[in-house]
Amino acid sequence: MLFVQKVRSLTHLLTVMTSRLPVTCGVPQGSLLGPFLFLIYINDICCVVPGGKIKLFADDTNIFVPGKTLNELEEEANGQIILIEKWLTANKLHLNMEKTCYTVFSPTKVKSPSISLELNGNKLEQVTTCRYLV
């Protein structure tokens, strides 16, 4: 694998060649087959959580967890997060904690109820809105 770094100055464009490095895992970013291979690679994530509702779109993953009570919801969601984290570790992937959040949907129009979700001891951010790609 040969990496080319382009450095732009005010007057000209300079191309710098770097040394060769082996690709030991994954595919180079920007490759033609990269998106397709990524989708194949993560396709079995839906099998990780028995009975779970996981929706995939490109590199966005959404998990829908139902619960009759807030305690039941919190316990089930944290259990699913643990299973997903084990799968990610086994597949040499990780979550971007800055882009990982959750929301609680409630049948009433009151303020969104609060629960505590964690990933490796880090609390996930609860939000009231997020972009859902379909």
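First, the ground rules. This is a predicted model: local features need pLDDT of at least 70, side-chain atom pairs count only at pLDDT 80 or more, and totals for chains, interfaces and linings use all residues. Residues are numbered from 1 along each chain as its sequence is written, and side-chain values use heavy atoms, leaving out hydrogens and water.

Start inside. A nonpolar core is a set of buried Ala, Val, Leu, Ile, Met, Phe, Trp, Tyr and Cys residues joined through side-chain atoms within 4.5 Å. Buried means under 20% relative accessible area, exposed over 50%, partly exposed in between, with a 1.4 Å probe and protein chains only. The largest core has nine residues, including Leu-73, Ala-77, Ile-81 and Tyr-102. Helix α2, residues 70-90, gives the largest share, three residues. Helices are DSSP runs of H or I, at least four residues; strands are E runs of at least two; both are numbered from the N terminus. Another core, of eight residues, lies apart from it, with Trp-87 among them.

Look at Ile-81. Beyond neighbours within four places in sequence, Ile-81 contacts Leu-117, Glu-118, Leu-119 and Leu-124. Contact means heavy atoms within 4.5 Å.

Next, Thr-100. Thr-100 sits in the loop between α2 and β5 (101-102). Is Thr-100 buried or exposed? Thr-100 is buried, at 17% relative accessible area. Not counting residues up to four places away in sequence, Thr-100 touches Leu-95, Leu-124 and Glu-125.

Last, Ile-40. Ile-40 lies in helix α1, residues 34-42. Ile-40 counts as partly exposed, because its relative accessibility is 48%.
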